[in-house]
Amino acid sequence: EALAHWQSEVRLQVLQWDAQAGLAVQATGGEARLSDAGVLSVAIVPPSAATLSQQAGQVYSAAAQFRDERRAEILVQVTPAMAFWSTVLPLHPERHRHTFEWITLAIACASSVVLRLKHLLACPRPREVADGLSPMLLTPGHGSLPSGHATESTCVATLLAALLSSDPANPDAALQQALRTQAARIANNRVVAGLHYPIDSLVGMALGEVLGQRLVAAAGQALPLPGRHLDPNAHANLRHGEPALLDALAALPPGGGAPVPVARQPSLQWLWQQARREWGAA
């Protein structure tokens with residue numbers, strides 16, 4: 001009951017605490033692993049030097065093909081790409097303030113997890129691998145894989161597709177595809193900018209799907225949550241561009257292992273109900 005009385009910034013701090021309850025990230029057996037209540041959720045294999053060298057060629061190619069036409073878009077997307085979700089959905093911060101809180105929460109949770117994984121994997125950026133590659137932006141002072149923009153944007157896309165569908169466990173296919181395509185463009189723009197390899201985007205999008213589904217499940221919606229094992233070395237020849245990225249994402253093998261348990265959080269259930277009402281749902 002108290003949640004409705006707090007200002008948005010305070011409420012989001014409370015919600016993020018609840019949203020990340022039970023999560024742990026650690027290095028085990030040469031992999032970076034995300035676990036949920038002690039059950040493995042995502043395992044990521046570090047990329048080899050050979051994989052990064054091969055992927056650097058795609059970074060050159062992406063810059064040559066798209067940088068001029070996407071320069072303004074890339075600059076705007078340095079910060080969270082709130083406006084870009086409004087090109088897919090009729091979002092407005094005054095009419096959908098609880099939906100915007102969900103977007104902010106998804107970005108915050110995804111960022112917290114992905115930065116810890118980046119730390120454990122310590123993957124060098126493209127400019128550290130390829131001579132003569134000039135990023136169009138200041139290279140962030142942390143590891144390359146997984147891509148934070150890919151993780152965050154896909155987490156948001158997964159969440160919004162469930163939130164706006166009558167059955168969150170089976171989102172509307174057209175809506176889901178539109179949101180996922182937008183996420184892929186945001187992710188690929190970081191490759192065009194010279195900051196990431198295509199494999200960073202692929203691993204980030206796969207991770208973002210898991211984190212988005214986990215938020216939906218924590219909000220009280222029944223979702224199957226199998227684990228993910230991600231090996232970027234199996235995608236050393238992945239090309240840049242949204243079509244190649246989306247095809248590779250769809251072709252990833254399904255997760256195995258025990259279903260990942262997600263504890264329902266009353267605070268997230270409350271926010272889910274508030275946001276659903278903004279879209280006319282009971």
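Strands here (E, at least two residues) and helices (H or I, at least four residues) are DSSP runs, numbered from the N terminus. Two strands pair if DSSP finds at least two bridges between them.

The model on screen is predicted: local features need pLDDT of at least 70, side-chain atom pairs count only at pLDDT 80 or more, and totals for chains, interfaces and linings use all residues. Residues are numbered from 1 along each chain as its sequence is written, and side-chain values use heavy atoms, with hydrogens and water left out.

**Stop 1: the sheet**

Stay on Leu34 and look to the other neighbour. Val25 has Leu34 as its bridge partner in E2. Now select all of E2, residues 31-36, and E3, residues 39-44. They pair in the antiparallel sense over 5 bridges. Within this pair, Ala32 stands opposite Ile44 in E3. The two strands form a hairpin with 2 residues between them. Click Ala37 in that turn: its phi is positive, about 55 degrees.

E1 and E2 pair in the antiparallel sense over 6 bridges. They too form a hairpin, with 2 residues between them. Gly29 in the turn has a positive phi of about 60 degrees.

E3 and E4 pair in the parallel sense over 3 bridges. Ala43 finds its bridge partner in E4 at His229.

Now show the whole sheet. It is open, has 4 strands in the order E1-E2-E3-E4, and its pairing is mixed. The edge strands are E1 (23-28) and E4 (228-230), each pairing on one side only. Neighbouring strands are turned by 25 degrees against each other on average, direction ignored.

Is E2 enclosed or open to the outside? Because 5 of its 6 residues are buried, E2 is largely enclosed by the rest of the structure. Buried means under 20% relative accessible area, exposed over 50%, and partly exposed in between (1.4 Å probe, protein chains only).

**Stop 2**

Select H4, residues 97-121. H4 packs on the sheet and touches E1, E2 and E3. Its direction makes about 10 degrees with that of E1. Axes are lines fitted to C-alpha atoms, for helices over the stretch in contact, and angles run from 0 to 180 degrees between N-to-C directions. Check the length of H4: at 1.5 Å a residue, its 25 residues should span 36 Å, and the end C-alpha atoms are 36 Å apart, which agrees. The expected span is 1.5 Å times one less than the number of residues. Just after H4, Ala122 takes a positive phi of about 50 degrees.

Move on to H8, residues 198-218. H8 lies across E1, E2, E3 and E4, and runs at about 165 degrees to E4. Its 21 residues should span 30 Å, and the end C-alpha atoms are 30 Å apart, in agreement. H8 is mostly covered, with 20 of its 21 residues buried. Just after H8, find Gly220, with a positive phi of about 100 degrees.

**Stop 3**

Pick Glu209 in H8. At 10% relative accessibility, Glu209 counts as buried. Beyond residues up to four places away in sequence, Glu209 touches Thr154, Thr158, Arg180, Arg228 and Leu249. Contact means heavy atoms within 4.5 Å.

Jump to Glu242 in helix H9 (residues 242-251). Glu242 is buried, with a relative accessible area of 11%. Its contacts, leaving aside neighbours within four places in sequence, are Arg70, Ala184, Arg185 and Asn188. Glu242 and Ala184 are 58 residues apart in sequence but 5.5 Å apart in space, C-alpha to C-alpha. Now show side chains: Glu242 makes a polar contact with the side chain of Arg185 (3.5 Å). A polar contact is a pair of N or O atoms within 3.5 Å; within protein, one must be able to donate a hydrogen and the other to accept it, and residues adjacent in sequence count only if both atoms are side-chain atoms.

**Stop 4: the core**

Which residues touch the most other members of the largest nonpolar core? Among its 87 residues, they are Trp85, Trp102 and Leu105. A nonpolar core is a set of buried Ala, Val, Leu, Ile, Met, Phe, Trp, Tyr and Cys residues joined through side-chain atoms within 4.5 Å. Finish on Trp85: leaving aside neighbours within four places in sequence, its contacts include Leu91, Val156, Leu160 and Ile186.
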